[in-house]
Structure formats: C-alpha cells, structure tokens
Amino acid sequence: MPEALVCGAGVAGCASAYWLRRNGYDVTVVERANGLRSGGQAIDIRGVALEVIERMGLGEQVRAARTRMRGMSMLDASGNEVFHSEERTYSSGRLDSADIEILRDDLVELLHNAADVEYRFGDEITALDAESGRVEFAKAEPHRFDLIVGADGAHSAVRRLAFGPEDRYRRYLGQYLAIFPAANTVGLEDWQIWFQGEGVGGAVYPVPGNEEIRVTLGFGEPEYREIRDVAEQKKLVAERLREVGGPVPDLVKAMADAETFFFDAMLQIHLDRWTTGRVALVGDAGYCASVLSGQGTSLALVGAYLLAESGEDYETRMRPFVELNQALATENPAGPASEESVERAKNAISLTR
C-alpha cells in the first residue's frame, strides 16, 4: 500500500487524509500543535464544496452543527446602527441559501473523526526531499513517503522546503486580522454585529447556543511585517481600535485574556504549480485566497478531493476555480463581493470529468 504524509490537521489536511485513505493510501497526518486547534471564525461551505461534504457522508452532521443566524447589524465607529438585515449576513451571505456556515473547530472535528488514519500531534517536519519522498521530523524517525501533502496553511513549512521561501509567493492585501473567543457579555442571540471606522473594522457573533462569541478585529496596514509575539499583536490591535466605540472597547478588554488567539495578515499565495516531485500543496498552502474571499474552506475541500481523485489532472482542473476565487477576495476590500461574483466563483468547477 502506498504511503502518504499529510502535514497539517486543519480543514485541508483532514479532508486530504480522508480522500487519500479512500483511494488506497496508508495515511499519516503530522500536526505541530498538541491536538486539534480550537477557536477560529465561522467559515463557509459553498457551492460545489457541499457536494464534497455529501460524498464524505457528512452532510447531515455538518448541517446539524451549522450556525443559525437571524441577521446582522452594521455600526459606525461611534456604535450607532447604520443598517441591519434579516435576509443576509456579511459572513455567510443570504440566509435562505443552501450554503452552510459552521465554526471552523466544529468542521475540523467532524473531518478528523471521519478520517480513519494515524494522527501524529506535537511533531513537525524539519526537512524533506521532494524527489525521493524522504522526510525528517523534529521527533519521529526519518521516513520515505510516496506522497507528501502540504496542507499546513498560508505559512506552509512544506511549501518553504519544497518550493522556496514564502516571499516568492505571498501577495499582501493590506490588512491584518485578529480572531478570538470570549464570553457572550454583549448578549447576542443568533445575531451578528459588524462595525467599521476609518481603516478599522470587525465583527462579533455567537456560537450555537449563544454562550460564547467569536470576535474578529481588523485594521489596515500599508506594509507587510511579521509580528510573532502574541502580547505585541494584542497591543497593536488595541492601539488601532482605540477610537472605535459601541461594543469594541469591551471586546478589546476581553482580547487581553483570550488564551486562544489568531493574528495574521490578509494575504494570498500564488504559485505557478502546486506539485513537485512527490510533494503536493492543498488549500491555503498552495492557493490561499484570504479570509476576504469567504471561499478558503471550499477551496480546501475541493482541492483535497481532486488531489486524491484526479492525480496528475489535479492542477489543471483546480486552477480556474482557484483563480476566480482569489479574484473574489479583491473585488471589494471594504465589503462583500457581489452576489453574481460569488455565485460564479463558488460553482466554477465540476467534480466529474
């Protein structure tokens, strides 16, 4: 039985593990974290990606775990409501759509449980040879694999080792984003609040059951820079949003105590190819479209399926889908893309040849 190594236990990694196992591989997933990563925002499964979920037999479970928003409000920098909608939200689009919004950690857990493979947490790759498939790890002994899948995000170690440094492929979109969970002290019940000021913005919404909220705080920044220290990241977010009113001051205070905290630049990854030797890239590692597209999860799910099912045709079939969805993220940086563009992008591929 051929052996596959999947690097990363997120959406792209767990989905790749599932489909590769279905296609006859003995699969090992290596993840640097000590377990599945918690937290993260609400993500969307749209268009053709819904078919992937159905083919995995997870449709009913995913729909049961979906968010149940009634609508949204938009606030200005002073906390005054500018408008509200009971027909759509910025995060998920039309509420009567067949598309599914679900918390990232809920989806990852479902995908993880579906993939009957070996998960190796608390380890990471340190070197690889793309031609021979030999991989070295921080803890485990070196091993040769028939396929190595980089599903380890926009800052992929697999991509760096097999294709070269990130700055060759990174396109910065001029914004930074912080995401963290907090207690629902604002009393939201299946309702989102969005806010926007000069160069800043964000959202807050409850998880199913309304006991917890997920907070997104963002700001514009002209130059890309790496900020690795979490305390420095939180300090920068607080400074940039200090003039915003409404619920934001309390959210910034809650951020200080958040143990689960995500902070990163909004960026895209552009490569001329996603495979070299025995290495293939899936999801954000190969073609990050950024959170602004609303299609990162769908790209990961479809890419994982096509890599396992299409083999050498993976890149040819996936490329048009990626290009349309990366364009979607830059159509309207100040807000959601048009419904026409979203519909075209999310269905720009067929799972059948």
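Colleague: Where is Arg46 placed, and what makes Arg46 count as buried or exposed?

Modeller: Arg46 is in the loop between strand 3 (42-45) and helix 2 (48-55); helices (H or I, at least four residues) and strands (E, at least two) are DSSP runs, numbered from the N terminus. The model is a predicted one, in which local features need pLDDT of at least 70 and side-chain atom pairs count only at pLDDT 80 or more, while totals for chains, interfaces and linings use all residues. Residues are numbered from 1 along each chain as its sequence is written, and side-chain values use heavy atoms, with hydrogens and water left out. Buried means under 20% relative accessible area, exposed over 50%, and partly exposed in between (1.4 Å probe, protein chains only). Arg46 has a relative accessible area of 8% and is therefore buried.

Colleague: Which residues are in contact with Arg46, leaving aside its neighbours within four places in sequence?

Modeller: Contact means heavy atoms within 4.5 Å. With those neighbours set aside, Arg46 is in contact with Ser91, Ser92, Gly93, Asp99, Ser293, Gly294, Gln295, Ser298, Val342 and Lys346.

Colleague: Which residues of helix 2 are buried, and what follows this helix?

Modeller: Val48, Ala49, Leu50, Val52 and Ile53 are the buried residues of helix 2. After helix 2 comes Gly57, with a positive phi near 75°.

Colleague: How many disulfides are there?

Modeller: A disulfide is a pair of cysteine sulfur atoms within 2.5 Å, and by this rule the count is 0. For Cys14, the nearest cysteine sulfur is that of Cys7, 13 Å away, and Cys14 is in no disulfide. Cys288 is likewise in no disulfide, its nearest cysteine sulfur being that of Cys7 at 18 Å.

Colleague: Are Cys14 and Cys288 buried or exposed?

Modeller: Cys14 has 0% relative accessibility and so counts as buried. Cys288, with a relative accessible area of 5%, is buried.

Colleague: What makes a set of residues a nonpolar core, and which residues have the most contacts inside the largest one?

Modeller: A nonpolar core is a set of buried Ala, Val, Leu, Ile, Met, Phe, Trp, Tyr and Cys residues joined through side-chain atoms within 4.5 Å. The largest such core has 105 residues, and Ile45, Val302 and Met318 have the most contacts inside it. Helix 9 gives the most to this core, with 9 residues. A second, separate core has 5 residues, among them Ala42, Met69, Leu103 and Tyr205. As for Met318, leaving aside its neighbours within four places in sequence, it is in contact with Trp274, Tyr287, Leu299, Val302, Gly303, Leu306 and Ile349.

Colleague: Where does Leu147 lie, and why is Leu147 called buried?

Modeller: Leu147 is in strand 13. Its relative accessibility is 13%, so Leu147 counts as buried. Between the C-alpha atoms of Leu147 and Val279, 132 residues apart along the chain, the separation is 6.0 Å. Not counting residues up to four places away in sequence, Leu147 touches Glu3, Ala4, Leu5, Leu20, Tyr25, Arg278 and Ala280.

Colleague: Gly150 also belongs to strand 13 (residues 147-150). Why is Gly150 called buried?

Modeller: The relative accessible area of Gly150 is 0%, and therefore Gly150 is buried. Gly150 and Asp284 are 134 residues apart in sequence and 9.3 Å apart in space, C-alpha to C-alpha.

Colleague: Which residues other than glycine have a positive phi, for example near 70°?

Modeller: Asn210 has a phi near 70° and is not a glycine; Asn210 lies in the loop between strand 16 (200-206) and strand 17 (212-220). Asn210 has 19% relative accessibility, so Asn210 counts as buried. Asp190, also not a glycine, has a positive phi of about 50°, and is found in the loop between strand 14 (170-183) and strand 15 (191-197). At 23% relative accessibility, Asp190 therefore counts as partly exposed.
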